[in-house]
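Hello,

Here is the structure for you to look at. My notes follow below it.

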Amino acid sequence: MAELRKSVPPNVAAAVGKSLEKVAADRFDTAKQFMEALEDHAFTHSTIADAPAVAAASGRSRSVRMWLPWAVAATVTAIALGVSFRPEPPTLVQRYQVSGDQILASGGTAFALSPDGSTIAYIGEDLQVFWRPISALEPQVVAGSEQSRAPFFSPDGRSIGFTTGPPADDRIRTVSLDGAPPRTLSGDHFPGAAWGDDGFVYYVDIEGGLYRVSDQGGDPETLVAPGSDSVGLLRLPEPLPGGKTVLVHDFGGNIAGSRILALDLETRELTALEDGTHARFAHGHLFWIRERTLFAAAFD
């Protein structure tokens with residue numbers, strides 16, 4: 001380097017000379033050492049510390065100049081070939097639309113989103129349950145889900161529950177998205193169940209009573225009997241995390257006068273929270289609707 005350009009600082013020439021040594025043990029151990037040598041004005045390399053050594057190295061530098069372009073060309077060619085033959089990465093779905101005529105209202109809420117936001121479920125053609133990962137372009141249908149209503153997800157998002165059958169003989173059914181056979185949990189209920197993280201599915205019947213049943217099946221448990229003196233018509237249960245409380249909506253026969261109640265599952269006491277309906281809990285907040293307006297409040 002000193003022969004080709006006399007303005008090159010001696011430490012830079014020494015660092016480059018050391019980096020080109022034939023024996024690996026004579027070269028730098030790390031790129032950091034090479035960088036430090038380039039910045040250290042006191043750095044010297046024994047093989048090029050004096051003029052004769054520099055002259056001796058000049059022949060090697062000429063040799064390096066001869067093969068360096070070929071090495072660079074080979075490297076660039078290899079990179080170009082690697083890029084050209086690399087398969088195109090799959091296109092990730094960023095946005096899609098589920099049009100209104102694809103979602104059919106049939107009692108209860110016709111659309112559901114999994115807790116982690118990765119999958120949607122809705123009631124579609126022939127009143128079947130359709131589900132679709134948000135990264136997929138086409139939905140899949142739940143086999144045997146004709147005449148269904150009100151889909152809902154399990155807490156882990158790997159199963160879907162729904163109401164199925166004619167209104168006079170409806171029942172709650174769950175199906176695993178992993179391919180396990182469907183399971184029937186309970187009959188005689190009003191659309192709009194919810195799956196708690198305590199292993200129970202909460203639902204109401206047509207007369208306004210509140211119940212829960214194990215997500216493995218079995219006999220249902222009455223939480224609030226229909227026709228109780230303190231409440232009217234209960235709808236839309238929403239179990240809170242931890243399995244201690246479930247929100248429920250008391251319509252009292254009039255949606256304009258509906259209120260949100262919290263049921264303590266241990267004491268079975270009901271506490272009135274707010275006037276409104278469609279309450280949901282997420283990220284430490286309670287969300288609800290009153291007079292077509294969405295409200296939120298911190299909620300523990």
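A word on terms before the findings: buried means under 20% relative accessible area, exposed means over 50%, and partly exposed lies in between (1.4 Å probe, protein chains only). The model is predicted, so local features need pLDDT of at least 70 and side-chain atom pairs count only at pLDDT 80 or more, while totals for chains, interfaces and linings use all residues. Residues are numbered from 1 along each chain as its sequence is written, and side-chain values use heavy atoms, with hydrogens and water left out.

**Surface patch**

Start with Phe-287. At 32% relative accessibility, Phe-287 is partly exposed. Its place is in strand 18, residues 285-290. Strands (E, at least two residues) are DSSP runs, numbered from the N terminus. Together with Ile-289 and Leu-294, Phe-287 makes a nonpolar patch on the surface. The three have about 270 Å² of accessible area together. Patch members have over 30% relative accessible area and no salt bridge; like charges are joined within 9 Å, nonpolar side chains (Val, Leu, Ile, Met, Phe, Trp, Tyr) within 5 Å. Accessible areas come from the Shrake-Rupley method with a 1.4 Å probe, and for residues only the protein chains shown count as cover.

**A buried glycine**

Now go to strand 6, residues 159-164, where Gly-161 is found. Gly-161 is buried, at a relative accessible area of 0%. Leaving out residues up to four places away in sequence, Gly-161 touches Ala-150, Pro-151, Phe-152, Arg-173, Thr-174 and Trp-195. Contact here means heavy atoms within 4.5 Å. Gly-161 and Trp-195 are 34 residues apart in sequence, and their C-alpha atoms are 8.0 Å apart in space.

**Salt bridges**

How many salt bridges does the structure hold? There are six. The term means a side-chain nitrogen of Lys or Arg within 4 Å of a carboxyl oxygen of Asp or Glu.

- Arg-212 pairs with Glu-221, with the closest N and O atoms 2.8 Å apart. Arg-212 is buried at 13%; Glu-221 is partly exposed at 28%. A network of salt bridges links Arg-212, Glu-221 and Arg-268.
- Arg-259 meets Asp-250 at 3.2 Å, N to O. Arg-259 is partly exposed at 28%, whereas Asp-250 is buried at 5%.
- Arg-290 bridges to Glu-274, with the closest N and O atoms 3.5 Å apart. This pair links distant parts of the chain: Arg-290 sits in strand 18 and Glu-274 in strand 16 (residues 270-275), 16 residues apart. Arg-290 is partly exposed at 28%, and Glu-274 is partly exposed at 32%.

Best wishes

Methods. Helices (H or I, at least four residues) and strands (E, at least two) are DSSP runs, numbered from the N terminus.
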